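The following explanation is meant to be read with the sequence and the structure side by side.

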Amino acid sequence: MKRILLPTDFSENSLNAIHYALSLMKNVVCEFFLLYTYTPPMISTRTILDSSSVWDIQKIAENNAIEELNRFKIKIENEFINEKHTFTSIVSFNLLIPEMCDIAEKESINLVIMGTQGATGAKMIFLGTNTMYAIKRLKIPVLAVPSGYVYEDPKEILFPTDYYVERKNNYLGLIREICKMHQSRLHILNSYFGVELSTDQAALKTFLDTFFKNSAHLFHIADGKDVLEAIDESELQSKIHLLVMIHNKHNFFENLLFKPVINQIVYKTNVPFLVIPSLERQ
């Protein structure tokens, strides 16, 4: 059984990501954890002196959060009737990212699926602060769903790699599972500038060929192109439904994701984006 964390703020963005999650996993037995974090309204200095008032305000905020999440849960259960899926609601007086980290460990979560902020029709996704830091802090895969993305089965999956992937990475199997669920074709993409693969890289390519032997997969080479350019070209050539990357703090992805660029626009894609932590990050 898959255990999947779905953070929500009740926005259309988070609801869309939940719809994606339920559709992606429609044939899989899953327990979904709906998480809503809250903080009470600002409390005045005078109120702080009255401990009873502080308690009352916090209790009201908690009750309101619980009621709102229960209504949200019922709405989802009624809209997506699936006997394979169960839901657990979690309301927490905490910041989102620390709470997600705690729940991921406590509940043995396998995957987080959450929304991103983006502009309809544009090829730019703004991975908001919460999404970026979920990717950075969590030790499990995070699947970021663009705002307004209309679900399609991930028949074509793009997996850019530098062939420095740890064979023991537990979450490589997640890519294979998704391929099997949806009879997907995996496009394994390597970009380089005139330098042949090293012996280790070539061995890893052979390993991936064997690892995905029961799934349709193709190897692509983008000579003389950087990674972003190669991904853009691949998306034009094939209708990609899911982008998958491994987050190794030593590779280009770390630099791309967390360097201080204007508006923190970190990736050019308009499809769901699955980020898998490297072995050292798990």
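**A guided reading of the structure**

Helix H7 spans residues 199-211 and contains both Phe 207 and Phe 211, which are four residues apart, or about one turn of the helix. The model under discussion is a predicted one. A pair of aromatic rings is described by the distance of the centres and the angle of the planes. For Phe 207 and Phe 211 the ring centres are 5.6 Å apart and the planes are at 35 degrees, so the pair is classed as tilted. Phe 207 has a relative accessibility of 19%, and because buried means under 20%, Phe 207 counts as buried. Phe 211, at 16% relative accessibility, counts as buried as well.

The charged end of Arg 176 sits over the ring of Phe 211, 3.8 Å from the ring centre.

The structure holds eight aromatic pairs. One of them is formed by Phe 10 and Tyr 36, a tilted pair with 4.5 Å from centre to centre and 35 degrees between the planes. This pair links distant parts of the chain, 26 residues apart: Phe 10 belongs to the loop between strand S1 (2-7) and helix H1 (12-24), whereas Tyr 36 belongs to strand S2 (residues 30-38). Tyr 36 is buried, its relative accessible area being 17%. Ring pairs also bring in Phe 72, so that Phe 10, Tyr 36 and Phe 72 are linked into a cluster.

The charged side chains come next. How many salt bridges does the structure hold? There are seven salt bridges in the structure. In one of these, the side chains of Glu 107 and Arg 3 meet with an N to O distance of 3.1 Å. Glu 107 is found in the loop between helix H4 (96-106) and strand S4 (111-115), and Arg 3 is found in strand S1, so this pair ties together parts that are 104 residues apart in sequence. Are these two residues, Glu 107 and Arg 3, buried or exposed? Both Glu 107 and Arg 3 are buried. Together with Glu 31, Arg 3 and Glu 107 are linked in a network of salt bridges.

A further salt bridge joins Lys 239 to Glu 152, with the closest N and O atoms 3.4 Å apart. Lys 239 lies in the loop between helix H8 (227-237) and strand S11 (242-247), and Glu 152 lies in the loop between strand S7 (142-145) and S8; the pair therefore ties together parts that are 87 residues apart in sequence. With a relative accessible area of 52%, Lys 239 is exposed, while Glu 152 counts as partly exposed at 31% relative accessibility.

Arg 185 and Glu 156 likewise meet in a salt bridge through their side chains, at 3.0 Å from N to O. This pair, too, links distant parts of the chain, since Arg 185 is in strand S9 (residues 185-192) and Glu 156 is in strand S8, 29 residues apart. Arg 185 is partly exposed, with a relative accessible area of 34%, but Glu 156 is buried, with 15%.

Attention may now turn to a loop residue. Asn 169 is located in the loop between strand S8 (156-160) and helix H6 (172-182). At 4% relative accessibility, Asn 169 counts as buried. A polar atom of the Asn 169 side chain lies 2.9 Å from the backbone nitrogen of Tyr 171. Leaving aside residues up to four places away in sequence, Asn 169 touches Ile 246, Ile 276, Pro 277, Ser 278, Leu 279 and Gln 282.

Burial can also be followed along a helix. In helix H5 (residues 129-137), the residues Thr 131, Met 132, Ala 134 and Ile 135 are buried. Seen down the axis of H5, the buried residues fall within an arc of 160 degrees, so they line one face of the helix.

Finally, the chain may be considered as a whole. The chain has nine helices and 12 strands. Of the 282 residues in the chain, buried residues make up 50%. Among contacts between residues at least 6 apart in sequence, 84% join residues at least 24 apart.

Technical notes:
Residues numbered from 1 in each chain as written. Predicted model: local features only at pLDDT ≥ 70, side-chain atom pairs only at ≥ 80, totals over all residues. Heavy atoms only, no water. Buried < 20%, exposed > 50% of the residue type's maximum accessible area, 1.4 Å probe, protein only. Helix = DSSP H or I, 4+ residues; strand = E, 2+ residues; numbered from the N terminus. Arc of directions from axis to C-beta. Phe/Tyr/Trp six-rings, centres within 6.5 Å; stacked < 30°, edge-to-face > 60°. Lys NZ or Arg CZ within 6 Å of the ring centre and 35° of its normal. Polar contact = N/O pair within 3.5 Å; in protein donor to acceptor, adjacent residues only side chain to side chain. Contact = heavy atoms within 4.5 Å. Salt bridge = Lys/Arg side-chain N within 4 Å of Asp/Glu carboxyl O.
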